[in-house]
Amino acid sequence: MNWVEFKRKKLEILERAKEKREVDEDIIPLLDTINSFDCFVTTSSCSGRIVVLDVPKIGDKLNAKFLGKWHRTVDWKEVAKALEKSTSTTWLISDPPIVHVACRDLECARILMRIANESGFRRCGIISLNRFVVEITSFEKLEAPLAVNGKIVVDEGYIKLLTDFANEKLLRGKEKLERLKSKLSSRKSFLRAL
């Protein structure tokens, strides 16, 4: 499949996901900016999230259960309420933004990685040579256990503290997304010439 057809199919998938409200709304403006360039198309992305996750055993993603999930800052009481549903080891996790972008060629991938680095994304690289897929992410991650075997092992003060840190990390990641969008927009004429 040639690049034009590949991009068209990816954009159709994205539009259907938007219609079903399956796309993280905070990241849509960035996705639209990236997809406005002929040389890029987004695949999967998230603006960052805070989750309370019940995990039966470390590494067992298949049987993990979301007790709470937000793409926004949260109040510690929301975390505490989600934690009440714990049945195994429950974690508070703040995930950084992650953006996957297929690029028309290696040079476009190189340029995108440089712009992402300039925007503050230090974890950025090609994860697939098939379509030169660039993964853009950062270090704003937090993981902390809150319950073991369904028993809460932290106090209210610690939940408040962790929630504050999780919110701060989430907001830092979202600021980087804004910088990336701005830098891409400021190089519109250069990128359109590729």
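Which side-chain oxygen reaches the backbone nitrogen of Gly 157 at the start of H5? A side-chain oxygen of Asp 155 comes to within 3.2 Å of that nitrogen of Gly 157.

## Basis of the model

This is a predicted model, in which local features need pLDDT of at least 70 and side-chain atom pairs count only at pLDDT 80 or more, while totals for chains, interfaces and linings use all residues. Residues are numbered from 1 along each chain as its sequence is written, and side-chain values use heavy atoms, with hydrogens and water left out.

## Helix H5

Helix H5 covers residues 156-186, 31 residues in total, and its first and last C-alpha atoms are 45 Å apart, close to the 45 Å expected at 1.5 Å a residue. Helices (H or I, at least four residues) and strands (E, at least two) are DSSP runs numbered from the N terminus, and the expected span is 1.5 Å times one less than the number of residues. The buried residues of H5 include Ile 159, Leu 162, Asn 167, Lys 174 and Leu 177; buried means under 20% relative accessible area, with a 1.4 Å probe and protein chains only.

## Ser 47

Ser 47 is placed in the loop between E1 and E2, and it is buried, with a relative accessible area of 0%. The side chain of Ser 47 makes a polar contact with the side chain of Asp 24 (2.5 Å) and another with the side chain of Lys 174 (2.6 Å). A polar contact is a pair of N or O atoms within 3.5 Å; within protein, one must be able to donate a hydrogen and the other to accept it, and residues adjacent in sequence count only if both atoms are side-chain atoms.

Leaving aside neighbours within four places in sequence, the residues in contact with Ser 47 (heavy atoms within 4.5 Å) include Asp 26, His 71, Pro 97 and Leu 177.

## The largest pocket

A pocket is an open set of points on a 1 Å grid over the protein atoms alone, where a 1.4 Å probe fits, with protein on both sides within 12 Å along at least five of seven lines; lining residues have an atom within 4 Å of a point. The largest pocket has a volume of about 410 Å³, a volume being the space filled by probe spheres set on the points, which are joined across faces, edges and corners. Its lining has 16 residues, of which Leu 53, Val 55, Lys 61, Ile 93 and Glu 143 lie nearest the centre. Strands E2 (49-55), E3 (65-70) and E4 (89-95) each give two or more residues to this lining, and E2 gives the most, with four.

How values were computed. Buried < 20%, exposed > 50% of the residue type's maximum accessible area, 1.4 Å probe, protein only.
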